[in-house]
Number of protein chains: 6
Amino acid sequence: MQQSSHITPDGSIAMVDISNKNLSHRSARARARVRLARAAKEALVAASLDKGDAFAAAQIAGIMAAKQTATLIPLAHPIPLSEVQVSFAWDDDVLQIEGLARTNAATGVEMEAMVAACVAALTIYDMMKSLDKGITIETVELLEKHGGKSGSWRRASEI
Amino acid sequence: MQQSSHITPDGSIAMVDISNKNLSHRSARARARVRLARAAKEALVAASLDKGDAFAAAQIAGIMAAKQTATLIPLAHPIPLSEVQVSFAWDDDVLQIEGLARTNAATGVEMEAMVAACVAALTIYDMMKSLDKGITIETVELLEKHGGKSGSWRRASEI
Amino acid sequence: MQQSSHITPDGSIAMVDISNKNLSHRSARARARVRLARAAKEALVAASLDKGDAFAAAQIAGIMAAKQTATLIPLAHPIPLSEVQVSFAWDDDVLQIEGLARTNAATGVEMEAMVAACVAALTIYDMMKSLDKGITIETVELLEKHGGKSGSWRRASEI
Amino acid sequence: MQQSSHITPDGSIAMVDISNKNLSHRSARARARVRLARAAKEALVAASLDKGDAFAAAQIAGIMAAKQTATLIPLAHPIPLSEVQVSFAWDDDVLQIEGLARTNAATGVEMEAMVAACVAALTIYDMMKSLDKGITIETVELLEKHGGKSGSWRRASEI
Amino acid sequence: MQQSSHITPDGSIAMVDISNKNLSHRSARARARVRLARAAKEALVAASLDKGDAFAAAQIAGIMAAKQTATLIPLAHPIPLSEVQVSFAWDDDVLQIEGLARTNAATGVEMEAMVAACVAALTIYDMMKSLDKGITIETVELLEKHGGKSGSWRRASEI
Amino acid sequence: MQQSSHITPDGSIAMVDISNKNLSHRSARARARVRLARAAKEALVAASLDKGDAFAAAQIAGIMAAKQTATLIPLAHPIPLSEVQVSFAWDDDVLQIEGLARTNAATGVEMEAMVAACVAALTIYDMMKSLDKGITIETVELLEKHGGKSGSWRRASEI
């Protein structure tokens, strides 16, 4: 059967050895969706019309968390990120948060993009939970990645 | 309209002042669901039968991340956690991850539980992504919380 | 001559032992001043009229750094902060940044307030340095502190 | 009007994309000045004659903080620092602290030098505050930087 | 057979639940021994006679690491340390490093003391390794602990 | 007499300047030995037969700590680790823990390997201390290193 790359033959957990891989430009985009009840959405949007602060808090938290990916994810490699972006869009009452990461390194930045989107979503939840504890973070997923030996991958629904 | 507790009258972002709140026992449980394709699930389960390492990695990452919540979430207060647990259950091809947090403090541990579940899920994704980049983290949400002035809250679907 | 509290009789560096001090409410306010050339001030203010993002970045960085004070300052004690605020005001072309911290603990929060103001100022510098590397951070200083055995202290110029 | 490099056209906060920039040797020097009352200066100097511990604490704190720059400053890139130095000099009752940073990277180390000087100054303040809470950190500023596309810059007063 | 407190009945790894334990004064002392060849010892001692910097580096690193114990050790609880001390003594060519930690908390500080001694020893190794990579850290062990339900414990050889 | 590389001519502590060193493949292996009383060893081994969780906790803690080496050790350079492994073997009642680190960088990974072995050992101690506080960590030492200007070094007893 297929074997996850992180499980070595003796069962130990180890970081994948990337010593012999080439540096190349790599990027990845991930998305988190936060479903809000109508009252919570209105409060969030109103705050954004005023000063944009709730979105800025989530944006900054996502960017800073991306830089902490190797600290959070046990087998993630430290990566010299060259860019991180967190952006927002509305799909009805669902807030879509995208995390984008780029680097020139020997390994990809899928986790950095996933962490950015996830922590931005958690921050939105933290900002809104006094209004509605039931807010859910849905469908945190990778949208695309490019670079490295495995090249480009896109989520089927996004092509 | 309702006002998020984190937006002060002048629009600034500030931590909620909990100086005058009483210490009390507080707990919270959150859940993340990770949907796996059949091949990925089989590889994950096989690894667990061998050594349980993939689950241990996610469990430890979730526990350690809960302790870092105030570092990740801009307006979260530092909290002296008295307990963190991360546990797993299967619902068909969906892996359910629960994070539980307890403290005796002046504020609740909803974010600690959410972060534990989220980072455990991100770690499972990291362990499995070489098999399937399309694995999605679904429905990260609070299940219940207890303690403090607002008392108990349970997600309707869980009662 | 006067002896700094951090230098023990044998010259070693050690954290002050606060085991026998009482928990009490403590607060502190500190201020950093950032002097900007006219062109830089205009760009900063324009950004604030648009979205307030530069100020939000500095505000969040200051709040998050206050929570990291014990990680940055060798002999600082870990403190369960109950509140951190970062606020801004203009004095001509000088941006005044105030950091406020509160806790119920056995030691004061002067360093937390100083770190908040300082890192917020460093963030403003980082946001503006592409326009003017010569921007200076002036006069990072404690304005007042309250609580604990030494009680209240106010900077003479502020009374 | 001039536009800060960190504000993208849609107002979002994002890290500057350095993916297409060349690696080159970069350095930067920054200075913080700490003004001490005569009694505080004497205590600090005496400690240095004994063991130099107060200066060592500030020196180490500054070096370690420089390595944490990307963790503290929201839009700072992770940088593989090749050298960090913190040094001291007296100008009457003003302690001058210089931070020096070097790297071979795609972006400069101005923030690393500023953070080193700033945190070293904050540490001196922490060591001395039991003697004088009114000690002020003055004029944290960049002295010079070299390397990269924008080449060399020196503070006018230092040329 | 005896069961480690960290392994719950279902085999999962979880933090011990200290929610129902009383706050009390707790302390612990641990020791690390670093064996140096004669030439290395002489260089270390000479540096200490000059400025004491190598010892200060190790002292500060040990104190700062003690504060990071919960970040390093998966199941360690965050603890509001009230004091940390790192001290040195010579036993022939063996450098003895003691870490002392105190707190008022619901759990003990054995790990904080062990981490302080260990990281101070690792720092001495780092400072000396250019002279002798073969320097060994020996016998990192707990010397005594006090407080909490299990009361006092002392290493037999130390009584 | 020999001079440690970290002490500059004026006595200051500074990071070694590696700006002019070449990137090359570097590796290092270190070992920590944990001596257990028979009852403690049996409990540890039984846990490993069940789920291997105690070893997984130590393994993950060691890997994650290696990535934090520059945060823990004052003068350590940030290094883009390409691999970290932690493995275990029994020598009677002594648990041998090996840390292995690799990178392509301008400096070696001896400290990363030492930190990995050390923190894994501290984690084993933490997991077992409720059974026996007297468990000792022995002989944390470098076994070998390769790469860079000084080339290969092996501990005499290991050749």
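## Between chains E and F

Chain E and chain F have zero salt bridges between them; a salt bridge is a side-chain nitrogen of Lys or Arg within 4 Å of a carboxyl oxygen of Asp or Glu. Six residue pairs of chain E and chain F are in polar contact, both at pLDDT 80 or more. A polar contact is a pair of N or O atoms within 3.5 Å; within protein, one must be able to donate a hydrogen and the other to accept it, and residues adjacent in sequence count only if both atoms are side-chain atoms.

This is a predicted model, in which local features need pLDDT of at least 70, side-chain atom pairs count only at pLDDT 80 or more, and totals for chains, interfaces and linings use all residues. Residues are numbered from 1 along each chain as its sequence is written, chains are lettered from A in the order in which they are written, and side-chain values use heavy atoms, without hydrogens and water.

## Elements on the side of chain E

On the side of chain E that touches chain F, two or more residues each come from α1 (38-50), α2 (53-67), α4 (110-128) and β4 (136-146). Helices (H or I, at least four residues) and strands (E, at least two) are DSSP runs, numbered from the N terminus. The most residues, 11, come from α4(E).

## Strand pairing

β4(E) pairs with strand β4 (residues 136-146) of chain F in the antiparallel sense, over two bridges; strands pair if DSSP finds at least two bridges between them. V140(E) has I137(F), in β4(F), as its bridge partner.
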